[in-house]
Amino acid sequence: MEFSEVIRRRRMVRHYTDQPLPPGVVDRVLRNALRAPSAGFSQGWAFLVLTEAADRARFWPFVPTRVEKTPTMQDAPLVVVPLAHKQAYLDRYAEPDKGWEDRAEARWPAPYWHIDTGMAALMILLTAVDEGLGACFFGIMPEHLEPFRAEFGIPAEYAPIGGITVGYRAPDLPPQSARLAERRRGLEDVVHRGHWGRRNQWHA
């Protein structure tokens with residue numbers, strides 16, 4: 001699939017069939033996630049991958065609102081939970097070529113461990129589209145994080161940033177709301193050329 005088509009077709013898919021994924025797809029999805037950029041090549045991420053029905057069944061109680069609103073998400077044959085590892089960044093930037101030996105979090109202009117793990121999540125979403133699949137990123141609410149960690153044995157230093165479902169779109173997938181197209185912001189709404197508030201004509 002052409003990259004521009006992958007971008008155009010990407011949307012959050014919440015209705016799936018329970019059709020198994022072809023051999024090799026899970027590995028391709030995860031290998032592409034590892035191609036995401038990371039500050040200092042810290043690669044401060046990990047991925048909890050749930051492919052067995054019993055393991056996925058253990059996961060869904062920790063996102064009850066998601067299940068209540070769109071129960072067909074549970075049919076997706078793959079759930080991935082990207083995990084951000086802050087300490088990997090603090091340690092990497094304490095090395096001689098970076099020199100932040102105090103490992104002070106205040107040195108960071110933004111939490112790149114979350115940003116980079118989010119980029120890896122986007123790689124998963126785009127790879128799913130390229131494989132002819134659907135995918136959806138969704139949050140795990142704060143009150144469910146500790147029970148979730150305990151259920152799956154996730155170390156305290158790894159922070160779940162959300163969950164991702166991957167699978168075949170349901171044939172009766174509801175059409176995208178026309179309101180989404182109406183709400184989509186254009187370049188003229190978000191691009192400031194050379195100075196904030198300068199929105200001259202966009203040239204393709």
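α1 (3-9) and α6 (112-130) each supply at least two residues of the lining of the second largest pocket. Helices (H or I, at least four residues) and strands (E, at least two) are DSSP runs, numbered from the N terminus. This is a predicted model, in which local features need pLDDT of at least 70 and side-chain atom pairs count only at pLDDT 80 or more, while totals for chains, interfaces and linings use all residues. Residues are numbered from 1 along each chain as its sequence is written, and side-chain values use heavy atoms, with hydrogens and water left out.

**Pocket**
- The volume of the second largest pocket is about 160 Å³; a pocket is an open set of points on a 1 Å grid over the protein atoms alone, where a 1.4 Å probe fits, with protein on both sides within 12 Å along at least five of seven lines.
- A volume is the space filled by probe spheres set on the points, which are joined across faces, edges and corners.
- Met1, Glu2, Phe3, Val6, Asn32, Arg35, Met123, Leu126, Thr127, Asp130 and Glu131 line this pocket, lining residues being those with an atom within 4 Å of a point.
- With four residues, α6 gives the most to the lining.
- By class, the lining holds five nonpolar, two polar and four charged residues (nonpolar: Ala, Val, Leu, Ile, Met, Phe, Trp, Tyr, Cys and Pro; charged: Asp, Glu, Lys and Arg; polar: the others, Gly among them).

**Helix α7**
- In α7 (residues 142-152), His144, Leu145, Phe148, Arg149 and Phe152 are buried (under 20% relative accessible area, with a 1.4 Å probe and protein chains only).
- These buried residues line one face of the helix, because they fall within an arc of 140° seen down its axis (taken from the directions from the helix axis to the C-beta atoms).
- Glu143, Glu146 and Ala150, on the other side of α7, are exposed (over 50%).
- The buried residues of α7 pack against β1 (45-50), α3 (53-59), α4 (64-69), β2 (78-85) and β4 (158-160), contact meaning heavy atoms within 4.5 Å.
- Gly153 follows α7 and has a positive phi, near 65°.

**Strand β2**
- Eight of the eight residues of β2 are buried.
- Leu78, Val80, Pro82 and Ala84 are buried on one side, and Val79, Val81, Leu83 and His85 on the other.
- β1 and β2 run antiparallel and are joined by six bridges (strands pair if DSSP finds at least two bridges between them); Leu48 has Val81 as its bridge partner in β2.
- Three bridges pair β2 with β5 (residues 163-167) in the antiparallel sense, and Val80 stands opposite Ile164 in β5.
- β4 runs antiparallel to β2 and is joined to β2 by three bridges; Ala159 in β4 is the bridge partner of Ala84.
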